[in-house]
Amino acid sequence: MKMGNYSAVTEFLLVGLSQYPELQNFLFVLCLIMYKIILLGNSLLIIISILDPRLHTPMYFFLGNLSFLDICYTSSTIPQMLIIFMSEVKSISFLGCALQMVISLGLGCTECILLAVMAYDRYVAIRNPLRYPIIMNKVLYMHLAAWSWAIGCMNSLVQTVMTMVLPFCGNNVIDHLTCEILALLKLVCSDISMNVLILTVASVVLLVIPLLLIFVSYIFILSSILRINSAEGRKKAFSTCSAHLTVVILFYGSALFMYMKPKSKNTKVSDEIIGLSYAVITPMLNPIIYSLRNKEVKEAVKKILKRHLHLTKV
């Protein structure tokens with residue numbers, strides 16, 4: 001293909017759902033409300049886990065990482081999405097698009113690994129409760145979290161660079177709500193077989209394998225829960241694990257649908273709506289599920305509120 005007939009792309013137009021203005025208005029209100037809940041809920045979970053010494057455990061360390069990740073992840077996409085919903089000129093600069101892609105893809109990949117790490121943490125806690133503090137020591141759980149971030153960010157950086165250096169040949173209309181890598185690759189006017197290969201391998205390594213590890217972990221966890229003599233102990237263990245599984249099913253289900261289904265040239269409305277589920281809904285549900293279903297978090301909130309009220313009276 002001759003490249004001289006095309007101009008370089010300096011900005012992209014995000015036209016996802018633009019043919020449904022009423023739906024965009026509805027999604028603007030819904031996403032705005034959800035974003036406020038995400039910021040408030042995840043920030044509170046981080047603050048509570050820091051202020052209460054009883055929550056200085058590997059489980060809440062990973063939860064704090066997950067909350068911080070969700071705040072950053074949604075902040076990289078939702079504000080721009082809200083602007084696009086209400087703006088007549090639905091554009092984003094080339095650099096802005098690349099930045100949005102590298103952040104959102106990196107944090108999404110990090111969450112995939114982090115959820116698997118959290119499943120391993122629960123597996124050790126329930127299968128080996130007496131040896132749990134020794135196995136899941138501070139050095140190990142900090143390294144697990146650090147490697148989750150490092151692998152996710154490195155994968156994102158490689159895929160973003162490989163995508164953005166390709167020729168778009170003047171085609172700058174993205175049929176999506178964000179600068180999502182699958183939507184960008186559809187605009188490329190050269191061979192993308194290497195990009196598709198790396199994306200497929202990354203999807204298997206970062207989506208399929210962690211999901212399989214999570215299910216294997218929970219098979220062993222379930223067998224251990226059933227052997228717990230105390231009914232209260234079984235209830236507490238099952239409540240903690242069911243909350244994690246709820247997040248896993250919502251996040252991995254939508255992500256697998258997007259990245260592992262047969263690719264079509266045209267973006268469907270269902271793809272964009274499902275994309276919102278792991279971009280907005282799951283980050284909103286994380287603090288709600290983990291706090292409302294967790295007795296330790298509830299007690300920590302009550303303790304902090306009582307302390308605050310006491311200081312106010314004084």
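Met194, Leu197, Val201, Val204, Val205, Ile209 and Leu213 make up a nonpolar surface patch, with about 590 Å² of accessible area together. Patch members have over 30% relative accessible area and no salt bridge, with nonpolar side chains (Val, Leu, Ile, Met, Phe, Trp, Tyr) joined within 5 Å and like charges within 9 Å; the areas come from the Shrake-Rupley method with a 1.4 Å probe, and for residues only the protein chains shown count as cover. The model is a predicted one, where local features need pLDDT of at least 70 and side-chain atom pairs count only at pLDDT 80 or more, while totals for chains, interfaces and linings use all residues. Residues are numbered from 1 along each chain as its sequence is written, and side-chain values use heavy atoms, leaving out hydrogens and water.

Helices here are DSSP runs (H or I, at least four residues), as are strands (E, at least two), numbered from the N terminus. Ile209 comes out as partly exposed, at 39% relative accessible area; buried is under 20%, exposed is over 50%, and partly exposed is in between (1.4 Å probe, protein chains only).

Now to the sheet. It is open and mixed, with 3 strands in the order S2-S1-S3. Strands S2 (91–93) and S3 (173–174) are the edges, each pairing on one side only. Pairing takes at least two DSSP bridges between two strands. Strand S1 (residues 11–14) pairs with S2 in the antiparallel sense over 3 bridges, and Glu11 has Ser93 in S2 as its bridge partner. S1 and S3 run parallel, joined by 2 bridges, with Leu14 opposite Ile174 in S3.

Helix H4 (residues 94–127) lies across S1, S2 and S3, at about 85 degrees to S2. Such angles run from 0 to 180 degrees between N-to-C directions, using axes fitted to C-alpha atoms, for helices over the stretch in contact (heavy atoms within 4.5 Å). In a regular strand, side chains alternate between the two faces of the sheet. On S1, Phe12 and Leu14 are on the covered face, with Glu11 and Leu13 on the uncovered one.

As for charge pairs, the structure holds 2 salt bridges, each a side-chain nitrogen of Lys or Arg within 4 Å of a carboxyl oxygen of Asp or Glu. Arg54 pairs with Asp52, their closest N and O atoms 3.1 Å apart. Asp52 is buried at 1% relative accessible area, whereas Arg54 is partly exposed at 46%. Asp121 and Arg122 form a salt bridge at 2.9 Å, N to O, and both residues are buried.
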